[in-house]
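Please look at the structure below and keep it in view while reading.

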Amino acid sequence: MDVVIIGAGLAGLTAATVLRDAGADVLLLEAHARIGGRIQAIRAPDTNQYLADLGPTWVWPKYQPVVARWIRSLGLATFEQFNEGDAVILGYGPAPLRQPLPGQNGMVRIVGGPTAFIDALSNRMDAAGIRASAPVIGIHEDGPAQVSVYLASGEIVSAGRVIVSTPLRVAAAGIDMPWAPPPLSEAMRRTPTWMSTHAKVVALYDRPFWRDKGLAGRIASRSGPLVEAHDHSGASGHPAALFGFVGWPPDMRRKDPQGLKQAILRQLTECFGPPAAHPIDLIVQDWATHSNIVTESDLSQPANHPDIGPALLRQAHLDGRVRFAVSEVSETSPGLIEGALAAGEKAALDSLGNRTS
Ligand SMILES: Cc1cc2nc3c(=O)[nH]c(=O)nc-3n(C[C@H](O)[C@H](O)[C@H](O)COP(=O)(O)OP(=O)(O)OC[C@H]3O[C@@H](n4cnc5c(N)ncnc54)[C@H](O)[C@@H]3O)c2cc1C
């Protein structure tokens, strides 16, 4: 095996695609039964048609050159985030306020959601090149030129190069790397995983009724439980949906999931009127419960956006045999889709060039 990539999120899939296109023999190992990592969609149970996003939604191709290039090369289409009409502002006075809310310059959505990236990239891979439900627990030196990758199943895969595309704190906590110098392990432990402690809510409706009243579907709230919400309908207004981020801390969400749903419906009804109380479905995706994404360190510290991490994270280790490629490693837009694409691409190109720095 030329290269083993650990983690089939966007960064791992991007690295795999670049390496495969260059003729390398690649194996992508994913811990979860599903590929995509933080990118996940709700799909219609009968047709599997994309309905809404449970992970990321927006990209900014106007300001993100790597996103713009991959959108073009994968033949994806985009449309603007709907923001026509007033937002509803809660907690800034005794009653909800209605007013236009700017601040979405250049923000677009991908037709089919960011899972369109995952589908397009994975379709370019040989099916045998991706293994799901294959958690990795160790990366050890194997002679002067090889690396042994240990799976939880007991299997050992030997490779010339390894790219670690898991969240850095998850790797530091769960993948044994005896060769890693203390400053590298420390840099991994210190890097928060963006959005890993958040919960995202999607409410699906039969039509975008809020638009009839000149409302944009947007909420900015100090009182919660949603701290913000947005119109999440398809480009044509169908399927009709709203999404929001939950302000309740993870332990409170875990203790009372039904109470959370009821409070969300009350808040949506306060903002958008009685039809909001009766969604076709209300889905809460709590990323703080996903052990392949979040760690205790993320949960016990404030959810800060990652800074640009130390160069050590972007350098090769073990004489060029091991590299890291997850969004938080990137020098540009760390934590975002742009960062994942850039990190995956860079690690793959550096591996091909056999650069040791
Ligand atoms: C709710 C939410 C909203 C977001 N909104 C936006 C947005 O609007 N715009 C934006 O640009 N970004 C957004 N983001 C961030 C964006 O989703 C990430 O930057 C991007 O998806 C990261 O991709 P990645 O491949 O680097 O990492 P990940 O997606 O975290 O992939 C890592 C993979 O490694 C796997 N893994 C972990 N441990 C192991 C192991 N031991 N063995 C094998 N595999 C393992 C995991 O299961 C996972 O599949 C959002 C994220 C969330 C959660």
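**Around the ligand**

The ligand is surrounded by 41 residues, and the closest of them are Gly7, Gly9, Gly37, Pro56 and Leu336; a residue is near a molecule if its C-beta atom, placed from the backbone, lies within 6 Å of it. This is a predicted model, in which local features need pLDDT of at least 70 and side-chain atom pairs count only at pLDDT 80 or more, while totals for chains, interfaces and linings use all residues. Residues are numbered from 1 along each chain as its sequence is written.

By class, the shell around the ligand holds 23 nonpolar, 15 polar and three charged residues, where Ala, Val, Leu, Ile, Met, Phe, Trp, Tyr, Cys and Pro count as nonpolar, Asp, Glu, Lys and Arg as charged, and the others, Gly among them, as polar. At least two residues of this shell come from each of helix 1 (10-21), strand 5 (58-59), helix 4 (168-174) and helix 9 (337-353). Helices (H or I, at least four residues) and strands (E, at least two) are DSSP runs, numbered from the N terminus.

The shell also draws at least three residues from each of domain 1 (1-39 + 114-195 + 290-357) and domain 2 (83-108 + 197-289), with bounds that come from an automatic or database domain assignment. The C-alpha centres of domain 1 and domain 2 lie 33 Å apart. Seven residues from domain 1 and six residues from domain 2 take part in the contact, and two residues are in contact if their C-beta atoms, placed from the backbone, lie within 7 Å.

Strand 5 leads on to a sheet. Strands of a sheet pair through backbone hydrogen bonds, either parallel or antiparallel. Here an open sheet of three strands has the order 5-9-6, with antiparallel pairing, and its edge strands, strand 5 and strand 6 (78-80), each pair on one side only. Strand 6 and strand 9 (residues 108-110) are joined over three bridges in the antiparallel sense, given that two strands pair if DSSP finds at least two bridges between them. Threonine 78 stands opposite isoleucine 110 in strand 9.

Finally, consider the whole protein, which has nine helices and 20 strands. Its C-alpha atoms fill a box of roughly 70 × 40 × 35 Å, taken along the principal axes. Of its 357 residues, 45% count as buried, meaning that 20 or more other C-beta atoms, placed from the backbone, lie within 10 Å of the residue's own.

Technical notes
Buried ≥ 20, exposed ≤ 12 C-beta atoms within 10 Å, placed from the backbone.
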